[in-house]
Amino acid sequence: MSKTRRWVIILLALLVLVLIGVNLADREQQTPVTTDTNEPTYKSGYSSTLVYSPQGALTYRLISQHTEYFAAESVSWFTDPVVTSFDDQQIPTWSIKADRAKLTNDRMLYLYGHAEVNALTPDSQLRKITTDNAQVNLVTQDVTSDDLVTLYGTTFNSSGLKMRGNLRSKTAKLIEKVRTSYEIQDKQTQP
């Protein structure tokens, strides 16, 4: 082996060792990429979402002016949401509104600010529910609130603290400090 060939091999070996050292030094200086869990995974302007049952029937429709989804917590936030629930015959039964809402992975809808639930069917004696904050289970349609709640019916108005109800059965029960006023309908007698 000639002297020049030996020197070339030694220089190439040194060059390889230097490059390996530089590469390892760069790996140590790199910081891992972190995701900010306070930032949403995605944002959307106006959105309309349709949710169907496993049998293919429309269960509810959710419309909002702004939507943010956080994948780390599996939570969606909605601005000015309007949820319309449907019965088994796909007839709209209830309209649910609020200033803001949070939908969790287990189909719980948390309503914040001026929450309002309105009956959309004429046969419901319970016409409207208003409160500041409420929770709606979109599967069972149970409604709860620990704030001041006002119930409006066809012939009554009730207000009180802590409400428990179910939209499917069209019932609501006020728990504390209940005040109710009734409108008595005059029945006209025929001579």
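Patches are made of residues with over 30% relative accessible area and no salt bridge, with like charges joined within 9 Å and nonpolar side chains (Val, Leu, Ile, Met, Phe, Trp, Tyr) joined within 5 Å. A salt bridge is a side-chain nitrogen of Lys or Arg within 4 Å of a carboxyl oxygen of Asp or Glu. Accessible areas come from the Shrake-Rupley method with a 1.4 Å probe, and for residues only the protein chains shown count as cover.

Q: Which residues form a nonpolar patch on the surface?
A: Trp-7, Ile-10, Leu-11, Leu-14, Val-16, Leu-17, Ile-20 and Leu-24 form it. Together they have about 820 Å² of accessible area.

Q: What kind of model is this?
A: This is a predicted model, where local features need pLDDT of at least 70, side-chain atom pairs count only at pLDDT 80 or more, and totals for chains, interfaces and linings use all residues. Residues are numbered from 1 along each chain as its sequence is written, and side-chain values use heavy atoms, with hydrogens and water left out.

Q: Why does Leu-17 count as exposed?
A: Exposed means over 50% relative accessible area, buried under 20%, and partly exposed in between (1.4 Å probe, protein chains only). Leu-17 has 57% relative accessibility, so it counts as exposed. Leu-17 lies in helix α1, residues 3-29.

Q: Why is Thr-130 called buried?
A: Its relative accessible area is 19%, so Thr-130 is buried. Thr-130 has its place in strand β10. Contact means heavy atoms within 4.5 Å. Leaving out residues up to four places away in sequence, Thr-130 touches Ala-115, Glu-116, Leu-148, Val-149, Thr-150 and Tyr-152.

Q: How much of the protein counts as buried?
A: Of its 191 residues, 30% count as buried. The accessible surface of the protein comes to about 13100 Å². Carbon and sulfur atoms hold 54% of that surface.

Q: What makes a set of residues a nonpolar core?
A: The members are buried Ala, Val, Leu, Ile, Met, Phe, Trp, Tyr and Cys residues, joined through side-chain atoms within 4.5 Å. The largest such core here has 26 residues. Leu-109, Leu-111 and Val-136 have the most contacts inside it. Elements giving two or more residues to this core include β3 (58-64), β9 (108-119), β10 (126-137) and β11 (142-153). β9 gives the most, with five residues.

Q: Which residues does Leu-109 touch, not counting residues up to four places away in sequence?
A: They are Val-83, Ala-101, Lys-102, Leu-103, Ala-134, Gln-135, Val-136 and Leu-138.

Q: How do you know that β9 and β10 pair?
A: Two strands pair if DSSP finds at least two bridges between them. β9 and β10 have nine bridges, in the antiparallel sense, so they pair. Tyr-110 stands opposite Gln-135 in β10. The two strands form a hairpin with six residues between them.

Q: In what sense do β10 and β11 run, and how many bridges join them?
A: They run antiparallel, joined by seven bridges. Ile-129 stands opposite Leu-151 in β11. Four residues lie between the strands of this hairpin, and Gln-141 takes a positive phi near 65° there.

Q: What makes the phi of Arg-107 worth a look?
A: Most residues other than glycine have a negative phi. Arg-107 is not glycine, yet its phi is positive, near 65°. Arg-107 lies in the loop between β8 and β9.

Q: Why is Lys-162 called partly exposed?
A: Its relative accessible area is 30%, so Lys-162 is partly exposed. Lys-162 lies in strand β12. Lys-162 also has a positive phi, of about 60°, although it is not a glycine.

Q: Why does Asn-157 count as partly exposed?
A: Asn-157 has 35% relative accessibility, so it counts as partly exposed. Asn-157 has its place in strand β12, residues 156-166. Its C-alpha atom is separated by 6.6 Å from that of Tyr-182, 25 residues apart along the chain.
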